[in-house]
Amino acid sequence: MQKRTLIAAALAACTLATVPCVQAAAAWPAHEVKFVIPFAPGGATDIVFRIISEAAEKELGKPIVPMNMGGAGGSKGSTFVKGQKPDGYTLLGGHEFLLTTKYAGMVNFGLEAFEPVCTLTSTPLTISAGSHTPYKTYQQMIDFVKANPGKMIITMTPASVGYVVWKQVSETAGLDIDKSFRTVIINGVGPQTKALLGAHVDATAADVPSHHEYVKDGRVRILAVLHHERLSQIPDVPTARELGYDIVLGATRAVFAPKGTPKPVIDKIAAAYRKACSDPAVIRKIEDMGSLMMYLDAEQTAEYFNKQDEVYKASLASEKK
């Protein structure tokens, strides 16, 4: 009898403790939601998240306010969001940098520090060169580097997806990344693009959304697409695979929340973004830029990034030895 009473009391206490959480989730959102974009303005990550969030806030009923917080390969922004209350009012725009910064030792946390909310897009990566360079094709770039080791200047963010790109460019061409290229460290695709346009660097790993307008005016050349197939936005640009270099890499942009954010809140956020991702106007903008709409729910997002986690763990592990 005493045991049954204790169990009943414990269940009642648990229920009472849960009530405020449920009530808070039901009332959410009561005010604006901060959306941290952990890179400088102007890059594809910034552009994609802003376009889709603007549409999602119409469904949510409260403003979704983008906040650029660049630095340390995305880890400045992710560290900030990790430390916020798990109430749904601070979100993180994430992609594979959550994996690279962990395995490069820049932070001591990764996917486990967040609740996956939903995936929005997949953006195939590219190799872009400035119009001031002598090479007009990917193969010409590789030939130039082999004939002139150390003369080509590339830019990247430490422990980034861009680093993994250049590592694979080197490995598939039989090059030593440290001896073949001169590297200028610049955080964020936006600032990297400015350096490319100013001829301070020769090439960078980027994507169509970041460089599309500069390709149109002739200041940037996209030499190869790191995807399974060519992109309709730049149909004349071959894939690296077509050229004999097996490189397929992209940036998968997803929404994350601090660990412990209530599931009802996550469901509301995901529903707003799902609606935005089905908006024909949004789809057209995203696809015109060279990204691919790829909505995944919270469970699918967790599954996808856990698989990617193994890929990047293996890729960066050798760099720490």
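Rings of Phe, Tyr and Trp (its six-membered ring) pair if their centres lie within 6.5 Å, and planes under 30 degrees apart count as stacked, over 60 as edge-to-face and the rest as tilted. The exercises below use a predicted model, in which local features need pLDDT of at least 70 and side-chain atom pairs count only at pLDDT 80 or more, while totals for chains, interfaces and linings use all residues. Residues are numbered from 1 along each chain as its sequence is written, and side-chain values use heavy atoms, with hydrogens and water left out.

**Exercise 1. Aromatic pairs**

Find how many aromatic pairs the whole structure has, and classify the pair of Phe 35 and Tyr 273.

Solution. A search of the whole structure gives 11 aromatic pairs. For Phe 35 and Tyr 273, the ring centres are 6.2 Å apart and the planes stand at 45 degrees, so this pair is tilted. The pair links distant parts of the chain, since Phe 35 belongs to strand β1 (residues 33-37) and Tyr 273 to helix α10 (residues 263-277), 238 residues apart; here helices (H or I, at least four residues) and strands (E, at least two) are DSSP runs, numbered from the N terminus. The next step needs the classes of accessibility: buried means under 20% relative accessible area, exposed over 50%, and partly exposed in between (1.4 Å probe, protein chains only). Phe 35 is buried, with a relative accessible area of 1%, and Tyr 273 is likewise buried at 1%.

A further pair is Tyr 135 and Phe 144, whose centres lie 5.3 Å apart with planes at 55 degrees, so it is tilted. Tyr 135 counts as buried at 2% relative accessibility, whereas Phe 144, at 22%, counts as partly exposed. Finally, one aromatic cluster is formed by Phe 109, Phe 114, Phe 256, Tyr 304 and Phe 305.

**Exercise 2. Cysteines**

Solution. Cys 118 counts as buried at 0% relative accessibility, and Cys 277 counts as buried at 6%.

**Exercise 3. A covered strand**

Describe how strand β8 is covered and how β4 is joined to β8.

Solution. In β8 (residues 220-226), 7 of its 7 residues are buried. Two strands pair if DSSP finds at least two bridges between them; β4 and β8 run antiparallel and are joined by 6 bridges. Within this pairing, Ile 127 stands opposite Ala 224 in β8.

**Exercise 4. The largest pocket**

State the volume of the largest pocket and which residues lie closest to its centre.

Solution. On a 1 Å grid over the protein atoms alone, a pocket is an open set of points where a 1.4 Å probe fits, with protein on both sides within 12 Å along at least five of seven lines, and lining residues have an atom within 4 Å of a point. The largest pocket has a volume of about 310 Å³, a volume being the space filled by probe spheres set on the points. Of its 15 lining residues, the closest to the centre are Val 248, Leu 249, Gly 250, Tyr 304 and Gln 308. The elements giving two or more residues to this lining are β4 (114-130), β9 (250-258) and α12 (298-317), and the largest share, 4 residues, comes from α12.
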